[in-house]
Amino acid sequence: MPTSIIQRALWAVLLGLTALWLGAEPTPWPQPFHYFAFRASFMQYSGALAIGAMSVAMVLAVRPTWLEPHLRGLDKMYRLHKWLGITALVTSVAHWWLGQGTKWMVGWGWLVRPPRGPRPSPADQGMLEAWFGSQRHLAETVGEWAFYAAAVLMVLALVKRFPYHWFAKTHTVLAALYLALVFHSVVLVKFPYWGSALGVVLAVLMAGGSVAAVLVLGGRVGARRQVSAEVVSTTAYPGVNALHTTLRVGEGWPGHRAGQFAFVTLDPKEGAHPYTLASAWDAQTRRLSLVTKALGDHTRRLPELVKPGLPATIEGPYGCFDFTDAQPHQIWIGAGIGITPFIARMQQLAAQGLQGVSVDLFHPTAQRDDRALAQLHADARAAGIRLHVLVDAQDGRLDGAHIRHLVPQWLQASVWFCGPVGLGQALLADFRAHGLMPQRFHQELFQMR
């Protein structure tokens, strides 16, 4: 079940930070309880959650391959990155309101601030604590303005109509804002916390996040996994608004498994885009294929942009959508452009054989291109799998009942899905309701924002 591991990881971060804060804070629920006592305590808690979530999200932004097996692919890591960003935004807003909103409410006469107690004398503090105290005003100002800018950019990142290339450029600015928020947090975290387990964990997270931010700002994300490539040929399928592109990759490409994807730069002004690799790897020819569909401004321009001889850069491979399990039967569902990982797997099986596994491939599509379907049928025959093509206008929408009718052994099968998120969620709910174990449903979450 693709989302459960993301939920578990998110809750592990939040509950772990909460437990550490409770262990570090001698009075998490101050007595006597009043608003300003609650404010002082909750500002520390919300600040720890916000910078902790941002730090983990920043580490995930540099695509650490060592985490892929644990989170089952970069697509899941990016979904976790997104939810950590949302968590950081929500907790930061609460943190900001407790700080700035309280000042406004005091000014409006809604609250009466109690008399301040005496501040510790610098002579009674260590050198480091005294220095932190001297930086409080600067840290508050930097944190406030960094919060405003980061909040705007986080909201823009969630707006799907915001163009991808602008999203990528503005998202990079968040790395600089994160470094400003690290300064804010280091200075304003309650000084005794630094001697606790919470302080150690926050220091490690912010150090890792800061290194990741520097890599992002320096354009070094994935740099060690990038190789040069060149477009060899292209084939257009106008019936489905798709383009098949074959590239020859240079030395350094480690090879890939069917179902993996890569970040490909075809236009330096546009930057890298993620594409599922639509071919099995052959070290002799060093060629790989992409199938792109005209879904946005960039992909609509590809037929005019991509010509034989065009230089490209490819980074990867990434992903754990690798068709590996112990089930005797597999059900593949490639909806629309989600067919691409299955094309690569069919090519691999044509060369290696099914090895005791039977497969049914369902390809629901709203559009039809006879040449593309003929190639798909040829790939299925070569791989020895059963292909079911459903064109929406004549065959209706694909649902769980249709699959169960055509695949009697579905309960002993694993399901591999790539396509629209809504269809995947509907099929998962249907199969679970009829007894399929959720861990047998594998879904590629190919939305990178």
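**Helix packing, strand pairing and local backbone features**

P317 lies in strand 6 (residues 311–318), where strands are DSSP runs of E with at least two residues and helices are DSSP runs of H or I with at least four residues, both numbered from the N terminus. The peptide bond that leads from G316 to P317 is cis, with omega near 0°. The model is predicted, with local features requiring pLDDT of at least 70 and side-chain atom pairs counted only at pLDDT 80 or more, while totals for chains, interfaces and linings use all residues. Residues are numbered from 1 along each chain as its sequence is written, and side-chain values use heavy atoms, with hydrogens and water left out.

A further backbone feature is found at R63, which has a positive phi of about 60° although it is not a glycine. R63 is located in the loop between helix 2 and helix 3 (68–71).

Helix 2 (residues 35–61) and helix 8 (residues 197–217) have axes that come within 8 Å and cross at roughly 45°; axes are lines fitted to C-alpha atoms, for helices over the stretch in contact, and angles run from 0 to 180 degrees between N-to-C directions. Helix 2 and helix 8 are therefore oblique to each other (under 35 degrees counts as roughly parallel, over 145 as roughly antiparallel, 65 to 115 as roughly perpendicular, and the rest as oblique). Helix 2 passes helix 8 in a left-handed crossing, that is, the near helix is turned anticlockwise from the far one by less than a right angle. The contact (heavy atoms within 4.5 Å) involves A48, I51, G52, S55, V56, M58 and V59 of helix 2, and L202, L205, M206, G208, G209, A212, A213 and V216 of helix 8. By class, this contact of helix 2 with helix 8 has 11 nonpolar, four polar and no charged residues (Ala, Val, Leu, Ile, Met, Phe, Trp, Tyr, Cys and Pro count as nonpolar, Asp, Glu, Lys and Arg as charged, and the others, Gly among them, as polar).

Helix 6 (residues 136–158) packs against helix 7 (residues 164–188) at an angle of about 150°, with the axes 8 Å apart. This angle makes helix 6 roughly antiparallel to helix 7. The crossing of helix 6 past helix 7 is left-handed. The contact of helix 6 with helix 7 has 19 nonpolar, four polar and two charged residues by class.

Strand 8 (residues 358–365) and strand 9 (residues 386–391) run parallel and are joined by six bridges; pairing requires that DSSP finds at least two bridges between the strands. F362 stands opposite H388 in strand 9. Together with helix 11 (residues 370–383), strand 8 and strand 9 make a right-handed β-α-β unit, in which, with the strands pointing away from the viewer, the path from the first strand over the helix to the second runs clockwise.
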